[in-house]
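Please read this briefing alongside the model shown here. It is written for quick reference.

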Amino acid sequence: MSGLSVAMTVNGQDRSLDVPVTQTLLETLRDQLALTGAKRGCNQGVCGACTVMVDGKPVRGCLSLTVNCDGAEVTTVEGLADGGALSGIQQAMADTNAVQCGFCTPGMLVSAFAFLREAKTPSVEEIQYALSGNLCRCSGYRKIIDAVQLAADRSAEVSS
Amino acid sequence: MTEPGIDVAFHRPRTVEEAVALLRGDDGAMCLAGGATLVAMMNAALVEPSGLVSLSGVDALRNAERLQDGSARIGAMRKHCETAEETVLENGQCVLREAARQIANMPVRNMGTIGGSIAFFDPAADYPPALVAADAVVEISGPDGERTVPAAEFFVGWYETALGPGDIVTAVRLPAAPKGSIGLFHKLARVSGDFATASIALILAMSGETVTHLAIAVGACGPTPVRLPDIEAELTGKVLDGAGIDRLAMTLADKLDPIDDVRASAEYRRLVAPRMVKRAIAEAAATLRGVA
């Protein structure tokens with residue numbers, strides 16, 4: 001295997017890896033680091049199941065080449081919880097049963113997590129727009145949107 | 001599918017000159033900008049580059065600036081999320097910002113770049129009609145040095161541009177738009193985030209009810225964006241009148257060269273594009289009236 005060495009921070013841990021040039025970040029995370037939260041759906045950047053954060057911004061794991069992420073800070077769904085405590089959006093998704101088959105959930109969580117850092121009192125339309133890059137094949141959008149609103153409401157209560 | 005073990009070279013140059021030299025040294029090498037297009041193509045085994053020249057380390061391509069003459073220069077590595085909030089765009093130049101806001105979805109806008117998008121040139125993409133309507137030029141660096149090509153000539157045909165071997169898009173430059181003009185981008189898509197079924201990029205300025213500047217380009221309705229000089233000339237210098245717009249819009253279908261594809265039939269595009277033009281003009285005029 002022809003490999004290049006890449007150093008990145010993944011969920012707060014420094015990682016040094018040898019990866020083939022054409023390996024996507026999604027493949028590295030799943031196959032080399034056993035972080036199987038991000039899913040491979042379309043592998044074309046359309047479905048959003050592979051969404052992870054690179055340097056704090058949600059991107060497509062399947063469209064990112066790992067060799068191009070040297071020095072980057074990567075956060076996957078496994079990195080959203082703070083120690084044993086679920087993040088607000090994770091708890092809200094659990095509480096609203098916003099999960100059906102679960103395949104889209106990691107990507108949804110990462111997109112929603114990033115969105116909620118910016119949007120404190122989002123409208124339904126804003127949530128729909130923010131999550132428009134994440135497809136739910138079970139079409140269970142309603143509860144996912146409810147969960148994002150619940151998480152926003154809870155964090156508003158805490159900070160008020 | 002990406003195959004581990006294939007021998008692909010990876011380069012991360014710091015300058016455009018180095019990047020051009022690397023491309024020149026390997027016929028099968030390709031530029032990697034944000035990855036939103038190229039990696040998708042690689043995943044689908046539609047391209048198999050022998051080498052990748054990543055432009056992510058070329059800082060000179062990241063800037064956006066406003067030049068003395070009021071033109072706006074957007075570096076090729078500016079991401080869609082940046083162009084969507086771009087403050088160096090003014091007046092009708094904002095057509096580019098409006099287009100950027102409607103590209104795909106947030107995670108893709110966080111990756112994709114304007115240089116990568118136009119170098120690939122999907123005719124259903126959002127930037128091409130916006131750049132053509134704005135009379136933009138594309139700045140290119142290549143083995144023979146630097147040159148600029150008007151956007152209207154840069155987009156040559158389906159997935160085909162004026163780029164030659166070893167050429168890199170370094171920036172797009174939008175000339176100053178008339179003061180008080182507005183830019184608007186209307187996109188019809190099957191679902192939010194899809195490529196356009198048809199799109200309209202429009203720049204309009206009015207003095208009272210008289211049209212002083214009008215530029216219209218239709219996207220996704222042919223091998224290149226379709227600029228409408230006849231209609232623009234007919235309407236410019238005159239009081240905006242609904243009947244005249246209706247009549248002209250109906251001549252539009254003949255100027256388009258759409259295809260049947262998964263998004264719509266050619267016939268549907270011929271029917272919908274004139275209506276989109278009418279709606280875009282009406283909305284732009286209403287906005288200007290509200291501002292005045």
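Predicted model: local features only at pLDDT ≥ 70, side-chain atom pairs only at ≥ 80, totals over all residues.

Residues are numbered from 1 along each chain as its sequence is written, while chains are lettered from A and ligands numbered from 1 in the order in which they are written.

**Confidence**
- The complex has an ipTM of 0.94 and a pTM of 0.95 from the predictor.
- Chain B has a mean pLDDT of 95, with 98% of its residues at 70 or more; pLDDT is the predictor's confidence in each residue, from 0 to 100.

**Domains**
- Chain A is assigned domain 1 (4-79) and domain 2 (88-159); such bounds come from an automatic or database domain assignment.
- The C-alpha centres of these two domains of chain A are 22 Å apart.
- In chain A, 13 residues of domain 1 are in contact with eleven residues of domain 2; contact means C-beta atoms, placed from the backbone, within 7 Å.
- On the domain 1 side, β3 (51-54) and β4 (57-60) of chain A each give two or more residues; helices (H or I, at least four residues) and strands (E, at least two) are DSSP runs, numbered from the N terminus.
- The largest share of that side, three residues, comes from β3(A).
- By class, that side of domain 1 of chain A has eight nonpolar, three polar and two charged residues; Ala, Val, Leu, Ile, Met, Phe, Trp, Tyr, Cys and Pro count as nonpolar, Asp, Glu, Lys and Arg as charged, and the others, Gly among them, as polar.
- Chain B is assigned domain 1 (9-54), domain 2 (64-174) and domain 3 (184-291).
- The C-alpha centres of domain 1 and domain 3 of chain B are separated by 36 Å.

**Contact between the chains**
- Chain B gives 27 residues to the contact and chain A gives 28.
- α2(B) gives the most to the chain B side, with four residues.
- That chain B side has 16 nonpolar, ten polar and one charged residues.

**Core**
- The largest nonpolar core has 144 residues, and B:Val95, B:Ala133 and B:Leu202 have the most contacts inside it.
- Such a core is a set of buried Ala, Val, Leu, Ile, Met, Phe, Trp, Tyr and Cys residues joined through C-beta atoms within 7 Å.
- A residue is buried if 20 or more other C-beta atoms, placed from the backbone, lie within 10 Å of its own, exposed if 12 or fewer, and partly exposed in between.
- Beyond four places in sequence, the contacts of B:Val95 include B:Ala130, B:Gly183 and B:Ile203.

**Helix α11 of chain B**
- Helix α11 (266-291) of chain B has 26 residues and reaches 37 Å from first C-alpha to last, close to the 38 Å expected; the expected span is 1.5 Å times one less than the number of residues.
- Among its buried residues are B:Arg269, B:Ala273 and B:Leu288.
- Their cover includes β11 (182-188) and α10 (242-250) of chain B.

**Single residues**
- A:Ala130 is in helix α4 (124-130) of chain A and is buried, because 22 other C-beta atoms lie within 10 Å.
- Leaving out residues up to four places away in sequence, A:Ala130 touches A:Ser111, A:Phe115 and B:Met106.
- A:Asn97, not a glycine, has a positive phi near 55°, and is exposed, with 11 other C-beta atoms within 10 Å.
- B:Ala220 is also not a glycine and has a positive phi of about 65°, but is buried, with 30 C-beta neighbours inside 10 Å.

Key
Contact = placed C-beta atoms within 7 Å.
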